[in-house]
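Subject: Structure handover

Hello,

Here is the structure I promised to pass on. Please open it first, then read the notes below.

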Amino acid sequence: MPRKKLTLEELHKQFLKDQEFVVKSSDETLRGYEASFKLLMRIMPSIQAKDLNANTMRQFFARLEQRERPVGR
């Protein structure tokens, strides 16, 4: 039976659970992962799991560098 393809959000939730229970990441680290994911989704809202690759991540980081921020870098 073919496996259901998970959405990027579902994969991220699965990753967070793995980090929390298997890796035992700290609450601070988990909050950082969540904040980073939310930022990715805000900057690249149409991104899907199948789109994740090195080039996409380079684009994300380039957009991070170019965005306006209220204070600092």
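A residue counts as buried under 20% relative accessible area, as exposed over 50%, and as partly exposed in between (1.4 Å probe, protein chains only). This is a predicted model, so to speak of local features takes a pLDDT of at least 70, side-chain atom pairs count only at pLDDT 80 or more, and totals for chains, interfaces and linings use all residues. Numbering starts from 1 along each chain as its sequence is written, and side-chain values use heavy atoms, with hydrogens and water left out.

**Aromatic pairs**

The structure holds two aromatic pairs. One of them joins Phe 60 and Phe 61, at 5.3 Å centre to centre and 55 degrees between the planes, and is tilted. (Rings of Phe, Tyr and Trp, the last by its six-membered ring, pair if their centres lie within 6.5 Å; planes under 30 degrees apart are stacked, over 60 edge-to-face, the rest tilted.) Phe 60 is buried, at 7% relative accessible area. Phe 61 is partly exposed, at 46%.

**Largest pocket**

(On a 1 Å grid over the protein atoms alone, a pocket is an open set of points where a 1.4 Å probe fits, with protein on both sides within 12 Å along at least five of seven lines; lining residues have an atom within 4 Å of a point.) Its volume is about 180 Å³, the space filled by probe spheres set on the points, which are joined across faces, edges and corners.

Helices α1 (8-21), α2 (27-43) and α3 (54-66) each supply at least two lining residues. (Helices are DSSP runs of H or I, at least four residues, numbered from the N terminus.) The largest share, four residues, comes from α2.

**Largest nonpolar core**

This core has 10 residues, including Leu 8, Phe 37, Leu 40, Ile 47 and Phe 60. (Such a core is a set of buried Ala, Val, Leu, Ile, Met, Phe, Trp, Tyr and Cys residues joined through side-chain atoms within 4.5 Å.) Two or more of its residues come from each of α2 and α3. The largest share, five residues, is from α2.

**Ile 47 and Thr 56**

Leaving out residues up to four places away in sequence, Ile 47 touches Leu 8, Leu 40, Met 41, Leu 52 and Thr 56. (Contact means heavy atoms within 4.5 Å.) Thr 56 lies in helix α3. Thr 56 is buried, at 10% relative accessibility.

Best wishes
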